[in-house]
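The sequence and structure come next.

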Amino acid sequence: MLSRRSFLLLSGALITTSSWAALSQQKTGETLYASAYSLDKNTHFFGLFNDEGTILWTAPLPDRAHAPVVHPNQSIIGIVGRRPGFFMDFFDVSSSQRIKRIEPSKDHHFYGHALFSADGTQLITQENYYPTGEGRIFIRDWPSGNILQSFNSNGIGPHESVFLNDQVLIIANGGLMTHPREDRDILNLDTMQPNVTYLSLKDGRILNQASHRDELHQLSIRHLDVNPKGTVALGFQYQGDIWDQVPLVALSRLEHPELDYLPMPEDIRIRFKQYCGSVCFDKSGDILAISTPRGGLVAYWHVDTKTFLGVENCRDVCGLVATSNAHEFLLTSGTGAQLKSNPVQNISKMVKNHTNIQWDNHFRHINI
Amino acid sequence: MKHLSKLMAFTMSTITPLLASAGTWEGPLTGITSQIVTQGYQAYSASSKSLQDLSSALCASPSAQTLEAAKTAFKINAQDWQQVQWLNFGPVTYFMRYYAFEYWPDKKGVTQRQLRALAQGDPSIMDAPKFWTSASIAVRGLTAIESLLYHPDFTPVQSTSHCLLLEKITAHHAKSADAVFKQWQEGKAEDWVFDEEGMGFDPEKVALEQFLQQWLEHMSAVKDAKLETPIGYNGRENLKLAEFYRSNLSLKAIQKNVQTYREIYHTGSPSLFDLAKQSDANLAEQLEQQLTENTKLALQLPDDFFHGNYTKEQRFDLAQPLVKSISNSQSYLSSLVTKLGFQIGFNSRDGD
């Protein structure tokens, strides 16, 4: 139970949080990125680094985390514990303090991803109600973290979600039923039915839902991104046999009931080892990048023409964000690399190689 | 970034591996490539050819004796495969050869189904130029050959079509095995790593890193898929899921695998063991002892471990020491590769 004194202190901390803009005026205006990382099996951090790859701020974490969440206005970043996640820690970058820990409600856990609403007043979390496996979307008040509303995600395993607009949330329901007492064991391998759901945040209605044909039901829809034209890119993780020839990337749109699988050369598809890590459009929205740590590469497509552009080789790469430049991405890897890659100009440049750091699965670009 | 830099002047402690100079990894990499992989594929290629020849002899003169000779050739070839099975890297990754050499575990009986379809169809399609490059991996290698020789649905002594199928598959299998051997003979491991943009890309180190990652993953496969899963260590017992169950090679395969692990550790000049001793003598020795223990425990399991009349609990008790020993080996090897300065599988082996 939070004491009255603790509550007042915490409230005060939240009220006085600086904005990104205010923070920016005090500084050079350089680009920032937020990522979790580990030094070894037992030493985990959350950090901010700049465009030169230099780590500027860091905070210890109790465990390995998954994806950061960035407040749109206040200089607040959060990090979500990896599945089954039982913490979401928020830090005020201006004071370097952890200001809040949100924990899931009873019988729920997080999936490793969350997002703020555009105005920063609400936090959206994807959660597993593990007694039944039902996927749930919680709309939480920020900064209290109190649950304002909840919706059925209309699937099992809502791993990541993105906004199509203020009113529509696109959810990657991965389809995997798990229970924290059984670690990450998949309990519904034979019956899993992943889907992508376009959910109205006004009333929880399904505006569109797309899934695979039956024989691809083990193709977990795990990560996604959306571009300014409303095209949604989906990255899959296949739970069937390693040798099955299955599509690993698709496009989707609100008005299309079917998934549109993207082509890639078979020798590259094999290198994916049935596993996509992060999914990311570039700043222009024309180029799609998908990372595969198992394959040690990032693959690129021109979205409108569905043309496969090529790959950037990078061992254990998973983190992927669009930089402020069109067609350019920043990549991070479990071997410590931070690499800029532009598949249109065919340019890649090592930003920094932190040989003693293991960058975790996902990172985020902070738009100051 | 005045404010931020005031907040945190972050300096990361630098962990400099003891062994970091260029050429450090040449000894184990060259040794393992030459003595374990290339020589392993040479033996595998030769026994694949022998299997092809004895399958042809069986079809030319079908009898219990020629069938037995083909079965013996199969067993030798399948054991040679166990020497190189740990490495899904390099030439074997072309045309899905790795999975074609052994389509296992075949939980849905795909191999038998597809073999039946092939046996009933026009055999001339198997002579088409691109048939084998597009054929299902389920009918291209040892799993299919084992079915044809041991599964009751197939009778190569009595059935011409079954024997013809055996001839065609063993011929393709021998050709694939030889192709992999020749590619290893003519190339080197560094040819198979992908150049990365950036500072200090060392192809020898990256290639050895791939070897180590494959070795670690194979240890998991031996413990989980080969040992625990069929005996129902964590679920329902299904002994037919054991590797090469019909030909009664399941235990021999495990014994060969764990024996190979020790060879990997000690091959080359310097070997991984030599380098490990320089880095952390205690850990190097712990792994050495555990690898020796694996071999001892695997050899102590009764020959009829998978086929004998044991209860699930009896098999569990018999297997437990080896399961624990392999698990310890994984931990030691994992710690050791980190000590040696490799970063393996932070995201690729533990993502979401």
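Seven salt bridges are found by the rule across the interface of chain B and chain A. The model is a predicted one. One salt bridge joins the side chains of Asp350(B) and Arg64(A), with 3.3 Å from N to O.

The contact draws 59 residues from chain A and 35 residues from chain B. The size of an interface is often given as the accessible area lost when the parts come together. Between chain B and chain A, about 4,100 Å² is buried, and 54% of this area lies on carbon and sulfur atoms.

Within chain B, helix 2 (residues 26–60) packs with helix 8 (residues 160–186), their axes coming within 8 Å. The axes of helix 2 of chain B and helix 3 (residues 64–84) of chain B also come within 8 Å. The table lists the two crossing angles.

| Helix pair | Crossing angle |
|---|---|
| Helix 2 of chain B and helix 8 of chain B | roughly 160° |
| Helix 2 of chain B and helix 3 of chain B | roughly 165° |

Angles over 145 degrees count as roughly antiparallel, so helix 2 of chain B and helix 8 of chain B are roughly antiparallel to each other. Their crossing is left-handed. The residues of this contact comprise 15 nonpolar, eleven polar and three charged.

Helix 2 of chain B and helix 3 of chain B are therefore roughly antiparallel to each other as well. Helix 2 of chain B passes helix 3 of chain B in a left-handed crossing. In this contact there are 17 nonpolar, eight polar and one charged residues.

Terms used. Residues are numbered from 1 along each chain as its sequence is written. Chains are lettered from A and ligands numbered from 1 in the order in which they are written. This is a predicted model: local features need pLDDT of at least 70, side-chain atom pairs count only at pLDDT 80 or more; totals for chains, interfaces and linings use all residues. Side-chain values use heavy atoms; hydrogens and water are left out. Axes are lines fitted to C-alpha atoms, for helices over the stretch in contact, and angles run from 0 to 180 degrees between N-to-C directions. Helices (H or I, at least four residues) and strands (E, at least two) are DSSP runs, numbered from the N terminus. Angles under 35 degrees count as roughly parallel, over 145 as roughly antiparallel, 65 to 115 as roughly perpendicular and the rest as oblique. A crossing is left-handed if the near helix is turned anticlockwise from the far one by less than a right angle, and right-handed if clockwise. Ala, Val, Leu, Ile, Met, Phe, Trp, Tyr, Cys and Pro count as nonpolar, Asp, Glu, Lys and Arg as charged, and the others, Gly among them, as polar. Contact means heavy atoms within 4.5 Å. Buried area is the accessible area (1.4 Å probe) that two parts lose on being put together, summed over both. A salt bridge is a side-chain nitrogen of Lys or Arg within 4 Å of a carboxyl oxygen of Asp or Glu.
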